[in-house]
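Please find below a note on the model under review.

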Amino acid sequence: MPISLRTRYTFGALAGLSLIGSLAGCAADDSTASTDTGSGADDSSSSSAPAESSTGSDTSTDAGTDSGSDDGTDTEAGSYADGTYSAEGEYTSPGGSESISVELTLEGDTVTAVTVTPNATSGNSVRYQSDFAEGIADVVVGENIDDLDVDRVAGSSLTSGGFNEAVETIKAEAAA
Amino acid sequence: MRTSTPHAQHRFDAIGAPWRIDTPEPLPPEVVAAIAERIESFDRTYSRFRTDSLVSRINREPGVWEFPPDAPPLFALYRSLYEATGGAVSPLVGARLENLGYDRSYSLTPNPESVRVPSWDNAVAWDGERLTTVRPVLLDVGAAGKGYLVDLVAAILTEAGVDEYVVDASGDLVHRGSSPLRVALEHPRDPTKAIGVYTLSNAALCASASNRRAWGSGLHHVLDALTGEPTTRVIATWAVVPAAGGPGPAASATLPTTTLPTTTQPTMHAGTLPTQHRSALHTMHADGLATGLFFRGAAAFDFDFQYVRMLADGSVEYSRDIQGEMFT
């Protein structure tokens, strides 16, 4: 799965922030250039990759020197060096201009971790950013429960008796 | 399904959901009876679906209401969730749930004249023992009540000397024992699929989703008390809270089955969940946090727990230290 898709989902969770562009500088593939809508001019100053070396420190260093070159001449298409990348983005909220620091870890072309550090000052932005600052964001694929070796399934509470019957009654009346 | 450990099952329906208790040996009749009695007692206080409950009486007239000794931890948790979510999680959504059709008779028909959810401090005052109301209010403890009842039932098992069990109240479950439980996290949009598997060991796991207690377009049971509307941004949550101290008789020994400290403060530092009952009441906390995650990210709750939540766009957020796998 291309990284651009995953990062799009990632930031979809952040109340419509559009700061993907500044991350594109970390990527060496042309396919992500289309997401480079924003602060391209800031790339040289704001992109610093890798922020911290992962287990594959050699490739991370290489990625760092490549960052900011969107011409895609030096790497095979569709492949990104493992490592941790960081970037800063700016956006305008109703409360004014805000900035945000994003760090993401790539392993085998997959985003394995995203950390968002808020630099926000206004109320809502502080809330949305800090709420999310510690977790991992990703896209999941459902797998068949029948194929899994599990003891239980946990979802929303099953309802016993009356509620389900009432819902069925309502549906039947609506269809009549 | 695995059948690794031979065990006995005790199944029943209570507070509107199927329950299942798994133990190595069949439960003695007196323990089964004690569990039924505890659930009945809880229901008689907190159910808004029966006319003889304390909650229904509070909905008829204002007054000063004495609550049983199990109330302080529940009110304390609600207050901290209320503050951590800026008022979005509230026990005062009962009238609005009825108004939307989730009522005693399951009319499931919204009243065109909507009612507002009152703010906590305008409508009620909780002093740690008594609830003072200045108008009729309909409490709904759906955000944490079932998890709390799971803790109370688990305490009966512990007191009876049962040290390996799974109490599963459908969506809220607690595990205790030496062999971990593998729990599939059900996809909220396809109950035949899972988005991950959690390995649960001596911890409580509570799930919440807007897909089942739902009745019609956009109508479900997770209400934002600020707007009075069902939530839309998050569609499913899971929260896991470990039993402090792990397995062992001490873990549940302090459960408030008989006496409770009455010093619970009615107000707490915003966003801080009460710590005094943390060790024993982990299912209640997991249940409440699962509800809170519909309104705020995990960082908004000053509490040590693990979580997964799925947003309406299908993406997920989950904690780094999750004990299990996500199908990403």
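How many aromatic pairs does a search of the whole structure find over all chains?

1. The search gives 11 aromatic pairs over all chains. Rings of Phe, Tyr and Trp (its six-membered ring) pair if their centres lie within 6.5 Å; planes under 30 degrees apart count as stacked, over 60 as edge-to-face and the rest as tilted. The pair of Phe67(B) and Trp126(B) is edge-to-face, because the ring centres are 5.7 Å apart and the planes stand at 90 degrees. Phe67(B) belongs to the loop between β3 (63-66) and α3 (71-84) of chain B, and Trp126(B) to strand β4 (residues 124-126) of chain B, so the pair ties together parts 59 residues apart in sequence. This is a predicted model, in which local features need pLDDT of at least 70 and side-chain atom pairs count only at pLDDT 80 or more, while totals for chains, interfaces and linings use all residues. Side-chain values use heavy atoms, with hydrogens and water left out; residues are numbered from 1 along each chain as its sequence is written, and chains are lettered from A in the order in which they are written.

2. Are the two partners of this pair buried or exposed? Buried means under 20% relative accessible area, exposed over 50%, and partly exposed in between (1.4 Å probe, protein chains only). Phe67(B) counts as buried at 9% relative accessibility, and Trp126(B) counts as buried at 7%.

3. A further pair consists of Phe303(B) and Phe305(B), with ring centres 6.4 Å apart and planes at 50 degrees, so this pair is tilted. Phe303(B) is buried at a relative accessible area of 10%, and Phe305(B) is buried at 8%.

4. One aromatic cluster is formed by Phe42(B), Tyr46(B), Phe67(B), Phe75(B), Trp126(B) and Tyr148(B).

5. Charged groups also sit over rings in chain B. The charged end of Arg48(B) is over the ring of Tyr102(B), 5.0 Å from its centre, and that of Arg79(B) is over the ring of Trp120(B), 4.9 Å from its centre. The criterion is NZ of Lys or CZ of Arg within 6 Å of the ring centre and within 35 degrees of the ring normal.

6. Chain A has 6 helices and 6 strands, in the order α-α-α-α-β-β-β-α-β-β-β-α from the N terminus. Helices (H or I, at least four residues) and strands (E, at least two) are DSSP runs, numbered from the N terminus. Of the 176 residues of chain A, 44% count as buried.
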